[in-house]
Amino acid sequence: MAVYYFRMIFRPNRATLRFTKFSFDGRRHWLLKKKHVLSFTLLAALLAAQEHTASAQVSGTKLHLQLQDKQLSATVNGSAVSLETAAQIVDGSFYIPIRWAAQQLGLEMKWNEERKTAGLTTPSAYLEWDLVRQTVSVNGASTPLKETSFMDEGALLVKLSWIAPYLQVQYAFQPNPGRVDLAYIQPFDTAYRESRYSEDTQPNSRPIAIFVTDKPSYRLGEPITYIDLSYDPDAEGLPEYRWSGNKMAFFEPGTYSVSLQVRDGNGNWSEPEVQSVKVTDEPYLSKVEFPWYTQPAGTVIKDESEQWNRVLSSAPQLSAIVKRSTERKRMSSGENRVIRHTGLIGQQSVNGKARLFMHHSNGMAEKVQFAAVIHNPDQSKTRTVHITREGLLQPTLLHQANAREAAVNYMTQPALEESIEVKPGETAVLKQVTLEPGQGFAAIQDIEADGQAVIGFVAAKESETMKPYGSYSETSVVEAVYDAAADIRFDADIDRKSLPVLSKWTLDTPQTSDRGTVYAMHFYHPHQAVIAFRAKEGYVNGIVRVNGQVLALPQGGLTDQDGAFVVYRAQGWESEVHIDWLAAPGSTSPVEWIFYPLEEKK
């Protein structure tokens with residue numbers, strides 16, 4: 001892969017705004033007494049409409065929005081603008097027209113006609129409103145629509161106190177008249193500043209911008225290397241570069257102008273350096289091929305062209321041997337399940353190895369204890385239980401956004417050597433957490449019992465002592481989701497004979513059935529090829545490990561709108577590539593693996 005710049009420009013991490021929550025009293029608005037009809041056609045048209053808005057697209061931009069209850073006008077940085085839909089106070093909460101608010105922040109809501117859903121990718125989560133099922137989901141975790149949003153004459157209004165953390169805005173409420181002020185500052189970069197010496201009386205010289213390309217001409221789609229030779233006569237450093245026209249490749253023949261300016265530590269800009277890049281009418285890579293040949297592992301390739309969609313939809317299934325191990329049972333107490341009552345949530349028998357998967361939140365108005373327990377039904381023998389591996393997301397209000405931590409911990413932390421003795425007829429706790437109202441947690445735990453036992457998942461009030469196993473209410477018991485395959489092994493050849501064209505592979509099970517399942521994929525004798533995956537529909541997050549090294553997914557995971565995540569670029573000399581994959585709690589989409597063979601390019 002070509003390296004495009006030899007000089008590196010360091011910028012600080014983007015800042016994250018804290019938000020402050022304000023509450024206010026109010027009576028139930030008359031609108032809630034109306035029966036709202038969800039207009040799919042009208043909402044889709046509104047989402048597709050184009051508006052000229054003052055959006056926060058520039059780094060460091062400050063944005064101040066002011067909306068009033070039932071007013072078809074607002075102010076954006078002091079300038080009055082008209083609204084198609086008014087903000088409203090309903091049942092003591094302030095609701096804002098979300099499509100308009102998102103546009104002001106440089107975000108875009110997208111309508112999915114097939115699923116009848118409206119989606120919004122925010123700085124911290126992917127939100128989706130399902131108008132058929134009357135739900136809204138955060139990274140795939142659903143709640144009833146009426147708790148956060150409602151429709152008013154085809155427009156979607158959303159509770160500000162709920163949406164503010166995802167939009168990363170601060171807001172304040174003024175009760176008389178009923179209005180809110182929203183503040184947003186786009187995270188900005190700060191250039192390096194040099195020290196200044198008072199005794200330095202020499203005049204400051206302007207920096208010099210110089211660059212060259214590695215070749216006199218390029219073919220269509222051929223990567224271009226820009227070699228930076230810029231310097232500052234005063235040796236003050238060059239903290240800022242300003243390029244124009246420096247594309248990674250060009251896909252039409254012609255002569256293209258590329259310019260560069262550099263700035264020194266005193267704020268002086270150089271004269272523009274302009275070079276011409278000649279592109280001949282000789283094909284090298286198409287636009288569809290280019291990212292697959294050039295993008296490194298850990299990046300996302302997004303291609304919405306019809307050509308790519310045709311290629312992917314017609315791609316054959318990769319021939320592979322799939323083995324579902326029955327040595328370890330997989331038991332799930334629920335996927336993002338809300339605790340609304342105490343008692344025995346689920347149970348399942350075990351004899352030997354098991355993997356427990358837990359992902360719960362507290363939907364009660366008081367503290368709740370959640371525990372995974374193991375019961376020894378034998379009245380004469382003691383059972384020994386070994387805990388060999390564990391991954392945990394500690395209780396937090398942001399469990400939906402951070403549930404991946406449980407999968408990351410499970411795959412990266414050292415193996416455990418913990419043992420529990422369970423006496424005849426008694427019950428022991430394997431994992432226990434205390435949840436404040438609204439908090440959630442996630443855990444993945446491997447255990448091994450030396451005989452027949454029963455796993456139970458229990459919710460109890462904070463003040464209660466964990467009871468003997470048989471004391472819990474039988475009316476609340478359901479069978480825990482059970483699957484004999486906690487580990488799946490995937491073996492495939494991807495040499496030139498086995499992978500002649502782009503191929504794909506998807507596990508043929510329901511999309512929520514593999515939480516807590518580790519996929520161990522072994523690819524033999526690979527020739528030059530790219531291994532990637534994408535969310536087939538909805539949202540996916542998790543952890544990938546390639547030849548023992550963890551590869552970080554984008555923050556917040558992937559949606560089906562993001563594209564394909566590059567996992568590995570095979571160079572053709574490896575004998576084997578080993579990839580482990582574990583989906584994170586909260587994922588809603590099956591993973592589709594993509595195998596893209598590369599031709600030798602000269």
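1. Strand 7 (residues 117-121) is mostly covered, with four of its five residues buried; buried here means under 20% relative accessible area, exposed over 50%, and partly exposed in between, with a 1.4 Å probe and protein chains only. Helices (H or I, at least four residues) and strands (E, at least two) are DSSP runs, numbered from the N terminus.

2. This is a predicted model, in which local features need pLDDT of at least 70 and side-chain atom pairs count only at pLDDT 80 or more, while totals for chains, interfaces and linings use all residues. Residues are numbered from 1 along each chain as its sequence is written, and side-chain values use heavy atoms, with hydrogens and water left out.

3. On one side of the pairing, strand 7 and strand 6 (residues 109-112) run in the antiparallel sense over four bridges, where two strands pair if DSSP finds at least two bridges between them. W111 has A118 of strand 7 as its bridge partner, and in the hairpin of these strands, which has four residues between them, K116 takes a positive phi near 55°.

4. Strand 7 is also joined by five bridges to strand 8 (residues 126-130), again antiparallel, and G119 stands opposite E128 in strand 8. The hairpin between strand 7 and strand 8 passes through four residues.

5. The largest nonpolar core has 42 residues, and L67, I98, W129, W162 and I163 have the most contacts inside it; such a core is a set of buried Ala, Val, Leu, Ile, Met, Phe, Trp, Tyr and Cys residues joined through side-chain atoms within 4.5 Å. Helix 3 (residues 160-167) gives the most to this core, with six residues. Leaving aside neighbours within four places in sequence, W162 is in contact (heavy atoms within 4.5 Å) with L127, W129, V136, V138 and T148. Apart from this core lies another of 33 residues, among them A529, L558, V577 and W581.

6. The count of salt bridges comes to 20, each being a side-chain nitrogen of Lys or Arg within 4 Å of a carboxyl oxygen of Asp or Glu. In the pair of R383 and D378, the closest N and O atoms are 3.6 Å apart; R383 is buried at 11% relative accessible area, whereas D378 is partly exposed at 21%.

7. K431 and E390 meet in a salt bridge at 3.2 Å, N to O, and this pair links distant parts of the chain, with K431 in strand 29 (residues 427-435) and E390 in strand 27 (residues 383-396), 41 residues apart. K431 counts as buried at 15% relative accessibility, while E390 is partly exposed at 23%.
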